[in-house]
Amino acid sequence: MLELALHVLDILRNAVEAGATQVALTIIEDEPANRLTLTITDNGRGMDDETIRRALNPFYTTRRTRHVGLGLPLLAAAAETAGGGLMIRSRPGEGTTVETTFGLDHPDRQPLGDMAATLLAFLLAEAAPDLRYTHRVLRTGFPADNPVFAQEREFAFNTAAIRAELEGLPLNHPVVARWLAEYLAEGERELKEVEHNEPGAVEGAGV
Amino acid sequence: MPKLKSLDDLKRVREEAQQSLKTRLDTGTTIIVGMGTCGIAAGARDTMHAILTELAARNIDAHVTTVGCIGQCVKEPLVDIEQAGQPRITYGNVKPEMVSRLIEEHLINNRPIEEWVVGRLESNVASTNVAPTV
Ligand SMILES: Nc1ncnc2c1ncn2[C@@H]1O[C@H](COP(=O)(O)OP(=O)(O)OP(=O)(O)O)[C@@H](O)[C@H]1O
Ligand SMILES: [Mg+2]
């Protein structure tokens, strides 16, 4: 896999396959701490310790079709090559949290990639679980120890709120999907722009 | 943080959708993209994105949705097109650059692209009066 966003989509699918109705995805790009964190929490069926251990083994799957070497072991490997790691917290009947960290500026870290496309692919699934999404970007000041130009930006939404407004229309209704595609692309694009801002042109909140 | 798009749009989106619902139900088209691990690895996310972009550009109304792994991993990305009263047709190895022709031929000219078809499922409501394709 060449983008972390594709791994994220795969891990989100695990939550769906585990019967989750609520999923939370949090992405934090923390420049001061030089860390990228991806956290995916679901209220699906959960795993016992033995299943967690086996889930991190690339030759284990509870499915019967061929395994193409994605899933948790591959994400764990991607994290470990980039100065981070993957941790699973889970209990049967209580859901699962998969937390992955990376060195933000590590040369072997895969790019985050197209998160908007990942979110769209997840949300347009038939009976997609509710998603609480938070993508936060923290930039250091200029110079690094000067808080003046430090910024914190966030793109966040909750599909429960979106669904409430839609009064029963599905997210994959053509008109809704079109809006959603633009909404997600725009939210992610605004976060990316932070990187390219001139210190003087910043309008984000100071940290 | 000014947003061009915000949840405030949703009321308008809902009204537009509700208005168009009547006309859309008779010509209902659903496009289903396989989005299991094999599909994702083969590029299904970007194929789906290309489909949405193409539909928007041509102003075609169709539902686009995803399913998990359906066990035909080597043919991923798999795209099913289901239209009222027509057999459900499965296309295999659909790359983003194939999407434009697929939409044009199948949805606009109503001619499935036979060389890309990997499966066909008669729709159970209309299996007796389905016109054979080609
Ligand atoms: N969120 C989760 N909740 C419960 N069980 C999970 C979760 N994520 C993974 N598992 C368990 O761990 C196993 C391994 O997951 P992994 O994603 O690596 O492969 P897979 O989902 O089995 O196969 P593939 O991803 O190739 O379709 C799963 O089969 C499942 O039993
Ligand atoms: Mg999986």
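Visitor: What makes residues 196-207 of chain A stand out in pLDDT?

Guide: In this predicted model, pLDDT stays under 50 over that run, on a scale of the predictor's confidence in each residue that goes from 0 to 100. The model has 17 contacts there beyond four places in sequence, a contact being heavy atoms within 4.5 Å. For chain A as a whole, the mean pLDDT is 88, and 85% of its residues reach 70 or more.

Visitor: What are the ground rules for names and values?

Guide: Residues are numbered from 1 along each chain as its sequence is written, while chains are lettered from A and ligands numbered from 1 in the order in which they are written. The model being predicted, local features need pLDDT of at least 70, side-chain atom pairs count only at pLDDT 80 or more, and totals for chains, interfaces and linings use all residues, with side-chain values using heavy atoms and leaving out hydrogens and water.

Visitor: How many helices and strands does chain A have?

Guide: Six helices and six strands. Helices are DSSP runs of H or I with at least four residues, strands are runs of E with at least two, and both are numbered from the N terminus. Along the sequence, the pattern reads α-β-β-α-α-β-β-α-β-β-α-α.

Visitor: Which residues of helix α3 of chain A are called buried, and what do they pack against?

Guide: Buried means under 20% relative accessible area, exposed means over 50%, and partly exposed is in between (1.4 Å probe, protein chains only). In α3(A), residues 71-81, the buried ones are Gly71(A), Leu72(A), Pro73(A), Leu75(A), Ala76(A), Ala78(A) and Ala79(A). They pack against α1, α2, β3 and β4 of chain A. Following α3(A) comes Gly83(A), with a positive phi near 70°. Over the 207 residues of chain A, 50% count as buried.

Visitor: Why is the meeting of Glu167(A) and Arg14(B) called a salt bridge?

Guide: A salt bridge needs a side-chain nitrogen of Lys or Arg within 4 Å of a carboxyl oxygen of Asp or Glu. Glu167(A) and Arg14(B) are at 3.4 Å, N to O, so the pair is inside that cut-off. Their side chains also make a polar contact.

Visitor: Is Arg14(B) buried or exposed?

Guide: Buried: its relative accessibility is 10%, and the limit is under 20%. Arg14(B) is in helix α1 of chain B and touches Glu165(A), Leu166(A), Glu167(A) and Leu169(A).

Visitor: What makes Asp61(B) and Arg178(A) a pair that joins two chains?

Guide: Their closest N and O atoms are 3.3 Å apart, in a salt bridge. Asp61(B) lies in the loop between α3 and β2 of chain B and Arg178(A) in helix α6 of chain A, so the pair joins two chains. Asp61(B) has 27% relative accessible area and Arg178(A) 25%, so both count as partly exposed.

Visitor: Why is Arg101(B) called partly exposed but Glu115(B) exposed?

Guide: Arg101(B) has 40% relative accessibility, which makes it partly exposed, while Glu115(B), at 59%, counts as exposed. Their side chains meet in a salt bridge at 3.3 Å, N to O. Arg101(B) is in helix α4 and Glu115(B) in the loop between α4 and β5, 14 residues apart.

Technical notes: A polar contact is a pair of N or O atoms within 3.5 Å; within protein, one must be able to donate a hydrogen and the other to accept it, and residues adjacent in sequence count only if both atoms are side-chain atoms.
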